Amino acid sequence: MLMSTKALTHFKHPSHQLTEHIADTIYICDACKMYGTGTRFTCTPCNFYLHEYCAKCPLSLPFTVNHPHPMSLVDYNPQVNHTKPCKICRNPIQGLAYMCKNCDFWIHPLCVLHYLGLRHFLHLSHNLTEFTANTYYRCNGCYVIGTGKRFNCSTCNFDLLEYCADSPTWLPSTQIHLHPLSLFVDKHQLDKTKFCQICRTAIQGLAYECKGCNFWVHSLCALHKIGHGHGGQSSIFNQGNGIHNKVAFKYLSLCRYRE
């Protein structure tokens, strides 16, 4: 992990200054409760992390993101049976968010970035561009070998399968599992290997887990098993085009080629 001399104070953690850190480890932002990697602002003694954008995002937004009114930054504490969904990704608001005071419109700070320029929580530093080529590449999300359409950062040589770029952050209870499943990133620690409950191979990269029991499944395996689109209520990107079973089927046979 690299640490810079950049530091700031933030109302989410007023007791200590936050210092800029750069690392490829995955973390959950303590402001918006969404995943992140790369640059972050952290308080090491308190194990507190903020996305770079959440640490610096403005207190208000002008007319933008297909909404006619200005929006203010708020810290929302959801109540039982009274959640607010993000209008972009449809996931519940669980902390820092933008809110329109004139109507019931809420949006995650990162979803502003997702909407205005295609970014993914695995690669927040640059926009990803849709790119099609007959060359092979390894997806930086699930580590499957792919070809054809991908989302690419040419600066960093970073590629995502179309499905990994649009994977929903959660899946409701389906024929896969009785409980809802949450998207997570497994770093494939050899002493703590997890196995997909569908294909029985090791989990590495993007996958879904049940937080209440030892259940894990590859993201592509989950899509294939559901059989009718991604089945979740939201997606990492709101691009207006669903990712369907044929995408997962195309790559499912490559599932064992993650190493």
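**Entry 1**

The model is a predicted one, in which local features need pLDDT of at least 70 and side-chain atom pairs count only at pLDDT 80 or more, whereas totals for chains, interfaces and linings use all residues. I number residues from 1 along each chain as its sequence is written, and my side-chain values use heavy atoms, with hydrogens and water left out.

Within this pairing I noted that Tyr 27 has Gly 36 in S3 as its bridge partner. The hairpin of S2 and S3 has 6 residues between the strands, and in this hairpin Lys 33 takes a positive phi near 70 degrees. I then followed S3 (residues 35-43) to S4 (residues 48-51), and found these strands antiparallel and joined by 4 bridges. Arg 40 has His 51 in S4 as its bridge partner, and in the hairpin of S3 and S4, with 4 residues between the strands, Asn 47 takes a positive phi near 55 degrees.

**Entry 2: aromatic pairs**

How many aromatic pairs does the structure hold? I found 2, counting rings of Phe, Tyr and Trp (its six-membered ring) as paired if their centres lie within 6.5 Å, with planes under 30 degrees apart taken as stacked, over 60 as edge-to-face and the rest as tilted. The rings of Tyr 27 and Tyr 49 have centres 5.7 Å apart and planes at 35 degrees, so this pair is tilted. Because Tyr 27 lies in strand S2 (residues 18-28) and Tyr 49 in strand S4, the pair ties together parts that are 22 residues apart in sequence. Tyr 27 has a relative accessible area of 4% and is therefore buried (under 20%; exposed is over 50% and partly exposed in between, with a 1.4 Å probe and protein chains only).

Tyr 76 and Trp 106 form a tilted aromatic pair, with 4.8 Å from centre to centre and 55 degrees between the planes. Tyr 76 lies in the loop between strand S6 (71-75) and strand S7 (96-100), and Trp 106 in strand S8 (residues 105-107), so the pair ties together parts that are 30 residues apart in sequence. I found both Tyr 76 and Trp 106 buried.

**Entry 3: His 13**

Is His 13 buried or exposed? With a relative accessible area of 9%, His 13 is buried, and I placed this residue in the loop between strand S1 (2-8) and S2. Leaving aside residues up to four places away in sequence, His 13 touches Leu 18, Cys 43, Cys 46 and Phe 48, where contact means heavy atoms within 4.5 Å.

**Entry 4: nonpolar cores**

I looked up the largest nonpolar core and found 35 residues, with Leu 160, Leu 161, Leu 181, Tyr 208 and Val 217 having the most contacts inside it; such a core is a set of buried Ala, Val, Leu, Ile, Met, Phe, Trp, Tyr and Cys residues joined through side-chain atoms within 4.5 Å. Among the elements that each supply at least two residues of this core are strand S10 (145-153), strand S14 (205-210) and helix H4 (219-226). A second, separate core of 34 residues includes Ala 31, Leu 73, Cys 86 and Ala 97.

Terms used:
Two strands pair if DSSP finds at least two bridges between them.
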